[in-house]
Amino acid sequence: RRELMRSMVGQEDVTLDGRKIKLYCNIGSPEDVDAVLANDGQGIGLFRSEFLYLATEDYPTEEEQFQAYKRVAVAMKDKRVIVRTLDIGADKQVDYFQLNKEENPAMGLRAIRICLNRPEVFRTQLRALYRASAYGKIAIMFPMIASVWEVKECRRACQRVMDELTAEGVPFNPDTEIGIMIETPAAVLMAPELAKLVDFFSVGTNDLTQYTLACDRQCNDLGKFYDPHHPAVLRALKMTADAAHAAGIWIGICGELGADLELLPTFLAIGMDELSVTPTAVLPLRAAIRKSIAKNCTLELLMS
Ligand code: PEP
Ligand code: MG
């Protein structure tokens, strides 16, 4: 089995009938890049930036963040590195943010909501990201989007940072791709409008399952009720993919579900362009993709 997996290194992610699907990796710190390269991930589909904020007693500086992003961008060379802006709050509490205690943190002030409320925190991270974009193929992704105005505001923040860097003569890539996570039912329903504002979608199935089924992802008692295979979740994926493709942008999955081999035929039938998974899941998925026939894949699991 190990031999079979090793033989997958260097192979293309393509089905028997020629459908290509990109296999990217999820990472949580710059050290994880070694595992991405060892498992032949074709990019990084989700670089969770929380490690920068969780490891310290105070806000990480622009320089600290820049060094971390640059290191990953350089190591990945011409491969895409999608960095998600901070997703603090909910399950990830950080004292120095001094957030109020909430009854329902999963539905509270978290992720992009904090960034839009605290422009200075957001600006520092965006400056670090744009500076790092000069050293590799950085893309920026915003979590927990629910509304069109949020994306417009994010884009304005990006533009302001680019204007600043231009004025300062600091190099950056002005074509840095901007994407959003689709992890709220609102984002699924607004996908046609949202798709016109960004370069890509990436579905966060962990949160999308939680919010679609009204099932707390942290609650162990829910058992079979927290079911990412629920047809409602799979239909949400299909609706979002259709909206993305109608607008001419690509869509991937970066939640745990992306590595679920049982759902691979469903993802192919939906037309997912990318799956971003834990590095050790890349080669088994590649083996499965290379044995698949996309045109025979059906949407039957959406009906049950
Ligand atoms: C998700 O919600 O599926 C996701 C990828 O983000 P996180 O697990 O970090 O919330
Ligand atoms: Mg999430």
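**Getting to know this predicted model**

Of the 304 residues in this protein, 43% count as buried. The model is a predicted one, so let's walk through it with some questions.

Q: What share of the contacts with a separation of 6 or more comes from residues 24 or more positions apart?
A: Here we take the contacts in the protein with a separation of 6 or more. Among these, the part that joins residues 24 or more positions apart is 71%.

Q: Which residues of helix 11 are buried?
A: Helix 11 has 16 residues and reaches 22 Å from its first C-alpha to its last, close to the 22 Å expected at 1.5 Å a residue. After the helix comes Gly248, whose phi is positive, near 80 degrees. Within the helix, the buried residues are Val233, Leu234, Ala236, Leu237, Thr240, Ala241, Ala243 and Ala244.

Q: Which residues is Ile44 in contact with, leaving aside its neighbours within four places in sequence?
A: Ile44 is one of the residues with the most contacts inside the largest nonpolar core. With its neighbours within four places in sequence left aside, its contacts are Tyr24, Cys25, Ile27, Val36, Val72, Met76, Arg80, Val81 and Ile82.

Q: What span should the 14 residues of helix 4 have at 1.5 Å a residue?
A: Helix 4 covers residues 62-75.

Q: Which elements do the buried residues of helix 4 pack against?
A: The buried residues of this helix are Gln65, Phe66, Ala68, Tyr69, Lys70, Val72 and Ala73. Just after the helix, Lys77 takes a positive phi of about 50 degrees. The packing partners of the buried residues are helix 2, strand 2, helix 3, strand 3, helix 6 and strand 4.

Q: Which element gives the most to the shell around ligand 1?
A: The residues around ligand 1 are Leu46, Arg48, Asp87, Glu183, Gly204, Thr205, Asn206, Asp207, Cys254 and Gly255. Strand 2 and helix 10 are the elements that give two or more residues to this shell. By type, the shell divides into 2 nonpolar, 4 polar and 4 charged residues. The element that gives the most, with 3 residues, is helix 10.

Q: Is Tyr130 buried or exposed?
A: Tyr130 lies in helix 6. Leaving out residues up to four places away in sequence, Tyr130 touches Val161, Met162, Leu165, Phe172 and Thr176. Since 20 or more neighbours are needed, and Tyr130 has 24 C-beta neighbours inside 10 Å, this residue counts as buried.

Q: How does Cys158 count, with 19 C-beta neighbours inside 10 Å?
A: Cys158 is found in helix 7. Beyond its neighbours within four places in sequence, Cys158 is in contact with Leu126 and Ile178. A buried residue needs 20 or more neighbours and an exposed one has 12 or fewer, so Cys158, with 19, counts as partly exposed.

Q: Is Ala111 buried or exposed?
A: Ala111 lies in the loop between strand 3 and helix 5. Its phi is near 50 degrees, a positive value in a residue other than glycine. With 24 other C-beta atoms within 10 Å, Ala111 is buried.

Q: Is Ala214 buried or exposed?
A: Ala214 has its place in the loop between helix 10 and helix 11. Although not a glycine, Ala214 has a positive phi of about 55 degrees. Because Ala214 has 9 C-beta neighbours inside 10 Å, this residue counts as exposed.

Notes: Residues are numbered from 1 along each chain as its sequence is written. Chains are lettered from A and ligands numbered from 1 in the order in which they are written. This is a predicted model: local features need pLDDT of at least 70, side-chain atom pairs count only at pLDDT 80 or more; totals for chains, interfaces and linings use all residues. A nonpolar core is a set of buried Ala, Val, Leu, Ile, Met, Phe, Trp, Tyr and Cys residues joined through C-beta atoms within 7 Å. Two residues are in contact if their C-beta atoms, placed from the backbone, lie within 7 Å. Helices (H or I, at least four residues) and strands (E, at least two) are DSSP runs, numbered from the N terminus. The expected span of a helix is 1.5 Å times one less than its number of residues. A residue is near a molecule or strand if its C-beta atom, placed from the backbone, lies within 6 Å of it. Ala, Val, Leu, Ile, Met, Phe, Trp, Tyr, Cys and Pro count as nonpolar, Asp, Glu, Lys and Arg as charged, and the others, Gly among them, as polar.
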